[in-house]
Amino acid sequence: MKIMQAYKKLGGFPLVLCSLALLAGAANGAQLSDVLLGELARLRSTAGQPYVICKNQTYALCATATSFVYQEVAYAKCQVKRGDSISAPPLYYPPGTKVQKNICDYNAEGAGNGYMVSTYSLPSSILKDNPAANQALYTCPGGSTAGYAQCDGGTCFTSTIGKSFPGVGQLKNDEIMCSCPITQASASSAPFGFQFVGPYPCQQEAFKFCSQNVQNGSIIPVGAPPARGAI
């Protein structure tokens, strides 16, 4: 097998993609692109709720993170960012009230209370046009069975900024730990595999995350279904 890497435009931005393909190659690469584009179209057409946009807030960006697993929870080392971000779906709380709040309100309330929320913005590290780009979007094959951290909406604690944390080591002053649920991929739940951000140039070794057995102490990527971040 070999690694296929290509530039694709998702949501108008040229990204670097890494995937596994058979040595026969070209046909499978084209097939993979068709699958990803088809999945993107399906997600767009079936999304019951739009993404919510959180304007000019401090938030945690976990899209490029790896995480440490303990007691079936993933603890991701994320970046502290400021600006606009998105999250989906825009879950509301509390239930049964006339005035409901969403994740942007939840994040805003954390500013003076020791926490912030993980939302999403496009990482510059995977943009083809960024001279300093050093990461790529990896696609695991359909039927991959590994677990990955799903960090959209994860709660992050400001007391961890600049501190040390088990499994991930020392955090910088612009890094924060976020707690995220683990999604267990399967042939039925992830027929198109899942995606995560890894090193660029593309590396075969990074695909170990597609099939590893997740247990206490494992290091797993933050991931998502194919094209989910491009909706």
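C151 and C180 are both buried in this predicted model. The two residues form a disulfide with a separation of 2.1 Å between their sulfur atoms. This disulfide is right-handed, because the torsion about the S-S bond of C151 and C180 is about 105 degrees. The bond connects distant parts of the chain, with C151 located in the loop between β8 (147-149) and β9 (155-157) and C180 in strand β12 (residues 175-180), 29 residues apart.

A further disulfide is formed by C156 and C178, whose sulfur atoms lie 2.0 Å apart. A torsion of about 100 degrees about the S-S bond of C156 and C178 makes this disulfide right-handed. Because C156 belongs to strand β9 and C178 to strand β12, the pair ties together parts of the chain that are 22 residues apart in sequence. Both cysteines fall under the 20% cut-off for burial: C156 is buried with a relative accessible area of 0%, and C178 counts as buried at 1% relative accessibility.

C54 is joined to C104 by a disulfide with an S to S distance of 2.1 Å. The torsion about the S-S bond of C54 and C104 is about -90 degrees, and the disulfide is therefore left-handed. C54 lies in strand β3 (residues 52-61), whereas C104 lies in helix α2 (residues 103-109), so the bond ties together parts that are 50 residues apart in sequence. C54 counts as buried at 1% relative accessibility, and C104 likewise counts as buried, at 10%.

Across the whole structure, the search returned six disulfides. Such a bond is a covalent link between the sulfur atoms of two cysteines. With the bonded cysteines of the chain numbered in sequence order, the pairing reads 1-11, 2-5, 3-4, 6-12, 7-10, 8-9.

Strand β9, in which C156 lies, runs antiparallel to β6, to which three bridges join it. Here V117 is placed opposite T155 of β9. Strand β6 is mostly covered, with five of its five residues buried.

By class, the lining of the second largest pocket is made up of six nonpolar, eight polar and five charged residues.

Note on methods: Residues are numbered from 1 along each chain as its sequence is written. This is a predicted model: local features need pLDDT of at least 70, side-chain atom pairs count only at pLDDT 80 or more; totals for chains, interfaces and linings use all residues. Side-chain values use heavy atoms; hydrogens and water are left out. A disulfide is a pair of cysteine sulfur atoms within 2.5 Å. Helices (H or I, at least four residues) and strands (E, at least two) are DSSP runs, numbered from the N terminus. Buried means under 20% relative accessible area, exposed over 50%, partly exposed in between (1.4 Å probe, protein chains only). Two strands pair if DSSP finds at least two bridges between them. Ala, Val, Leu, Ile, Met, Phe, Trp, Tyr, Cys and Pro count as nonpolar, Asp, Glu, Lys and Arg as charged, and the others, Gly among them, as polar.
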